[in-house]
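Biologist: I have a model open and would like to learn how to read it. Could you take me through it feature by feature?

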Amino acid sequence: MTAISNEKIPNNVDLSSNKKLQRALEEWQPNFIDWWMEMGPEGYQQDQIYLRTAVSVDTDGWAKFDYVKMPEYRWGIFLTPVQKERVIHFGDNIGGQIWNEVPGDVRKELRRLIVTQADTEPASVEQQRLLGKTAPSLYDLRNLFQVNVEEGRHLWAMVYLLMQYFGKDGREEAQDLLVRRSGHADSPRILQAFNKPIDDWLAFFCFTTFTDRDGKYQLGALAESAFDPLARSTRFMLTEEAHHMFVGETGVARVIERTIQLMKEAPEGDPTKRGGIPLDLVQRYVNEWYSASLDLFGSEDSSNSATYFASGLKGRWDEGNDSKWPDHKALSGDYVMELPKGDGSVERHGIPLRRAMNLVLRDSYVEDCNRVIERWNRVLERAGLSERMSLPSERFNRHMGLYSGMPFDPQGRLLSGEEFARRRGEFLPSPQDYAYVQSLMVPCYAPGEFASWIAPPRKGINNLPQEFEYVKFASNGERRA
Ligand code: BYC
Ligand code: FE
Ligand code: FE
């Protein structure tokens, strides 16, 4: 094994003079590579992928594009630069010194937050590992791999924190992150959405739209943290997250665009006659992944979230914005939630604000998701169609929190269990839906060509043309099998 060096691991944490961290990473890195070969994108480890790599945090240096084989990707460790005057700006310790070490009294909580964040990153790579085999174009194949290597880097970012600040416990957690497996019966990933299969590209685009967007909001909340190394690590991760959400949002938009075109061309306006994906099917996928992603915010009433806020570990979205959040202590006021009951009555739940922080963060997320839906609807509107996409009610299909396990429909009306079961196929993808989408998943690897069910993007990556060879295969043939 080659020694860890600045050249191998781009970083701005002075790795070359940090012997202890070097040693810990030298032990971990081969296991990471083994994990990547076993659980990373299957069948493409020898190919040349046109990827961007973060080599510094400067605006012009952080995204360098070049061909690289994925196992040779330079996973780096970057934190945004230190802000001189930063003080704790919410919770019980407002105005206090930010921390550059882990305070003993929040060590357990902080470790748990970092491990939970870290766990999602390799989980998503595992969920997506077979998608390369059915990519609708080289452009999309490259985007998938870009997302995958960056989630790998996010794992590195969190492993750095564990190793640098949590001693032996941290090193053990770093190993365990390579042991748990998405969907594994005995050793699953921590959060539920990261154990769901992502078996087709529509699911991938919905996941990167809605689940990576949970990442945006969770990272944003951690970027407010009083633990400065966590704040600066997650702040930098947010710059990468933008691309993941772009892949998802434009992916779904391109599906819609193609469907519109086929609705106009195909016999009886039926897009399935020409290998397109009907709009109602897209809506059911949206319902599935949006509701699964809402679960990632945890319970609406959460003592954990109150502790995180009080101690300054995790803030709200854009907590530093005083006009948005005039009160950074959040000690007064209730967040009132409504819970419809089977008898037609409505129960009102008042949640003390600090205990409602999961919900407050989720509200910011929901607003953002609504903007995505508006942009998709503009595509439909411009084409002169009357159909519209929508977000299901926050009560729909929930497995966490107050609405968990209750049979609400996407409009938020409480149904009987029997009616929900009967109409499930209207709301969520059915086995037939999955089978149909799967039947469209055939690879399309000729440069500039796209599968039947998706429109080309407006432009290529890094201002290159659509027909650029974003992936150069080491040998033809094998991956088509
Ligand atoms: N599934 O007090 P509560 C990303 C557990 S995505 C299973 O309401 P809390 C990415 C919870 O642990 C961003 N279990 O929860 C995206 C607790 O367990 P205990 C990931 C769950 O702690 C795409 C119990 O239920 N980052 O980066 O307030 C690709 C009671 O829960 C779930 C983070 O999540 C669940 N969904 O909030 C790649 C940030 N939810 O104590 C990457 C770090 C809760 O009873 N994590 N539980 O054993 C957190 O801030 C919090 O842990 C959560 C949960 C917001 C997730
Ligand atoms: Fe990530
Ligand atoms: Fe992401």
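Biologist: Let's start with contacts along the chain. What share of the contacts in the protein chain with a separation of 6 or more comes from residues 24 or more positions apart?

Modeller: Bear in mind that this is a predicted model. In the protein chain, 68% of the contacts with a separation of 6 or more are between residues 24 or more positions apart.

Biologist: What does the radius of gyration of the protein chain say?

Modeller: The idea is to set it against what a compact globule would have. For 481 residues that would be near 23 Å, and the protein chain has 23 Å, so the two agree. Along the principal axes, the C-alpha atoms fill a box of roughly 65 × 65 × 45 Å. Buried residues account for 43% of the 481.

Biologist: How many helices and strands does the protein chain have?

Modeller: There are 11 helices and 5 strands. Strand 1 (residues 48-53) pairs with strand 2 (residues 64-69) in the antiparallel sense, over 6 bridges; T53, for instance, has K64 in strand 2 as its bridge partner. Strand 1 also runs antiparallel to strand 5 (residues 471-472), joined to it by 2 bridges, and there I49 is partnered by V471.

Biologist: In what order do the strands of that open sheet lie?

Modeller: The order is 2-1-5, an open sheet of 3 strands with antiparallel pairing. Strand 2 and strand 5 stand at the edges with a single partner strand each, so one side of each has no neighbour in the sheet.

Biologist: Which strand does strand 3 pair with?

Modeller: Strand 3 (residues 334-340) pairs with strand 4 (residues 346-352), antiparallel and over 7 bridges. In this pairing M337 stands opposite H349 of strand 4. Look at the link too: the hairpin has 5 residues between the strands, and G344 takes a positive phi near 90 degrees.

Biologist: Now a helix. How does the span of helix 2 between its end C-alpha atoms fit its 21 residues?

Modeller: The check uses 1.5 Å a residue, which gives 30 Å for the 21 residues of helix 2; the end C-alpha atoms are 30 Å apart, so it agrees. As a general point, an α-helix has 3.6 residues a turn, so residues three or four places apart point the same way.

Biologist: Is helix 2 largely enclosed by the rest of the structure or largely open?

Modeller: It is largely enclosed, because 15 of its 21 residues are buried.

Biologist: Which residues come nearest to ligand 1?

Modeller: Of the 25 residues around ligand 1, those are G215, G298, S299, S302 and N304. Helix 2 (107-127), helix 5 (201-222) and helix 8 (303-310) are the elements that give two or more residues to this shell. Helix 2 gives the most, with 6 residues. By class, the shell has 14 polar, 6 charged and 5 nonpolar residues.

Biologist: One last residue, then. Where is I461 found, and is I461 buried or partly exposed?

Modeller: I461 is in the loop between helix 11 (431-440) and strand 5. A residue counts as buried with 20 or more other C-beta atoms within 10 Å; I461 has 19, so it is partly exposed. Beyond its neighbours within four places in sequence, I461 is in contact with Y50, Y139, R142 and Y470. I461 and Y50 are 411 residues apart along the chain, yet their C-alpha atoms are separated by 9.1 Å.

Technical notes
Residues are numbered from 1 along each chain as its sequence is written. Chains are lettered from A and ligands numbered from 1 in the order in which they are written. This is a predicted model: local features need pLDDT of at least 70, side-chain atom pairs count only at pLDDT 80 or more; totals for chains, interfaces and linings use all residues. A residue is near a molecule or strand if its C-beta atom, placed from the backbone, lies within 6 Å of it. Helices (H or I, at least four residues) and strands (E, at least two) are DSSP runs, numbered from the N terminus. Ala, Val, Leu, Ile, Met, Phe, Trp, Tyr, Cys and Pro count as nonpolar, Asp, Glu, Lys and Arg as charged, and the others, Gly among them, as polar. The radius of gyration is taken over C-alpha atoms; the globule rule is 2.2 Å times the number of residues to the power 0.38. A residue is buried if 20 or more other C-beta atoms lie within 10 Å of its own, exposed if 12 or fewer, and partly exposed in between; C-beta atoms are placed from the backbone. Two residues are in contact if their C-beta atoms, placed from the backbone, lie within 7 Å. Two strands pair if DSSP finds at least two bridges between them. The expected span of a helix is 1.5 Å times one less than its number of residues.
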